[in-house]
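Keep the 3D view open as you read.

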Amino acid sequence: MKMFIGGQRADASDGKTHVVLNSATGVPLDTIPAATVSDIERAIDIAQEGKLRWAATPQYERSRILQRCADLIEERQEELATLLSTDMGKIIRESRPEIRCSAQIFRGFAEQANHLYGKTMPDYQYGSEKDLIFTTHQPLGVVACISPFNYPAELCSHKMASSLAAGNAVIVKPATDNPLVILALVELCLEAGVPGDVLQCVTGSGALIGDHLSKHPRIDAITLTGSTEVGLSVAKAAAGTLKRVFLELGGNDPFIVYEDADMDLAVEEAVRGRVQNAGQTCCAPKRFIVQNSVRAAFVESARARLQQVRRGSPLDENTDLGALISARAARGVEEQVQHTVAQGARLICGGHVFDNAYFEPTLLDDVTLRMDIARDMEVFGPVMPVIGFDTMQEAIDIANATCFGLQGGVMTRDNKKAFQTAAALACGGVCINASGNFRNVDQPFGGWKMSGLGREGISVTLKELTQEKSFILKGVLA
Ligand code: NAD
């Protein structure tokens, strides 16, 4: 597939390409252009026209076009879901809801933008009795949307739809391993009526394109979902031009199981939350903090439940566990498991790569705070490290002993204990009697500490992607 610059399909100016593999089989699927600096500059030049045109387009018209995008996404759900599963190895039963969610995101932002109100000020300050002061929201300009591989359609839709609904021109940079579904979404948005100078997509090296966009004085905001390492690099690169930066980054989320929890539910939530998307979810439970009195029972039930996880083709309706994004990623997870075992954890089951890019559902017991996996090492695969605790304070201390703070989950039948624990967790959201592997499109989703900057969701993003301007009418009420 080609990228989209100025509404046209485009190759890289030097003709170089990057091969996209079918993640599950490793077989080449397509190629994408490896954009050069001159390609990025061309897209930025074109976006300067686009931002003026789009800002001058009435809100009702922008929203009408975005509703049309949502309609087309829904109409082509099956085709897009199949592309997503083929490109990244996500199981088809998870690809369909992701595409459906993308359509809802477009619809939600289109609706919300029609009602993005400013404020009027009361005459609270002495001497302001005769003034009228009100605010409006104006677009930022050009927003660069950099998205990750793991929920490409959903997460890029959050960025594209919110930026466009707020009146900005957009340059999308999808992940390099699986950009095809995003290219298809961009094409569909252009078909729905988003002008070609308003929405563009450049493909290729994240380091080259992302860094160039982050540093560029004519890019007004960067919204990135990705790893903390890349988030830090974007924040540093963007600092030189003081552009707005929104970062949705990594996590090592706690899942706390008290002895009074519904144990069947706890095991089900743990396994579902960790195995979904082959373990490649930012807010998946990644550390299983289990009260010692029930730890052995939890480990045994989780082991038995993991054996039932059906492995297979991502396109098979019966498959529970698809492939990781690449064979390289699977080998990386294997190394992390080996490292944790070398640090003293006990391998209960799994631990190995199979069939190129698949990873066995893996359970590790006897994990302690001395191990990297219990603190700052994010594992992006179906791996469950179990850490024991005795008191509530101990559970909270273990949960918070990480540089991350995305989401968390607490399992207990005691509401007071649940809320006390949830309140003490240093993270952006807590699910009670469920794993933290949850995101609602409206929710202000985001992390504390090294898990991010800002919040993303239909209830919050539009304001973040606009400038609030004050109009001061001095003495008009005289
Ligand atoms: P990644 O950081 O490797 O890549 C993310 C994007 O950044 C890609 O498009 C990549 O090409 C681009 N990129 C790479 N180097 C860059 C640079 N120097 N400057 C700018 N952009 C650059 O992440 P990934 O492997 O695609 O995704 C997995 C990570 O994302 C995990 O850490 C996961 O927890 C996190 N994530 C977070 C959320 C969230 O909402 N908090 C959601 C999904 C994934």
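How much area do domain 1 and domain 2 bury between them? In this predicted model, the two domains bury about 2300 Å² between them, and 47% of that is on carbon and sulfur atoms.

To find the two partners in your view, colour the protein chain by its division: domain 1 covers 3–249 + 451–471, while domain 2 covers 253–440. The centres of the two domains, taken over C-alpha atoms, are separated by 31 Å. Across the interface, 28 residues of domain 1 are in contact with 29 residues of domain 2.

Now turn to the ligand. Both domain 1 and domain 2 give residues to the shell around the ligand, so the ligand lies between them. That shell holds 30 residues, and the closest are Ser147, Lys173, Ser227, Leu249 and Glu378.

Ser147 places a backbone N or O atom 2.7 Å from an oxygen atom of the ligand, and a polar backbone atom of Phe149 is 3.1 Å from a ligand oxygen. For Leu249, a backbone N or O atom lies 2.7 Å from a nitrogen atom of the ligand. Taken alone, the ligand exposes 850 Å², of which the protein buries 87%.

Which elements give two or more residues to this shell? They are helix H7 (206–215), strand E9 (221–225) and helix H8 (228–239). H7 gives the most, with 4 residues.

Methods. Residues are numbered from 1 along each chain as its sequence is written. This is a predicted model: local features need pLDDT of at least 70, side-chain atom pairs count only at pLDDT 80 or more; totals for chains, interfaces and linings use all residues. Side-chain values use heavy atoms; hydrogens and water are left out. A residue is near a molecule or strand if one of its heavy atoms lies within 4 Å of it. A polar contact is a pair of N or O atoms within 3.5 Å; within protein, one must be able to donate a hydrogen and the other to accept it, and residues adjacent in sequence count only if both atoms are side-chain atoms. Accessible areas come from the Shrake-Rupley method with a 1.4 Å probe; for residues, only the protein chains shown count as cover. Domain bounds come from an automatic or database domain assignment. Contact means heavy atoms within 4.5 Å. Buried area is the accessible area (1.4 Å probe) that two parts lose on being put together, summed over both.
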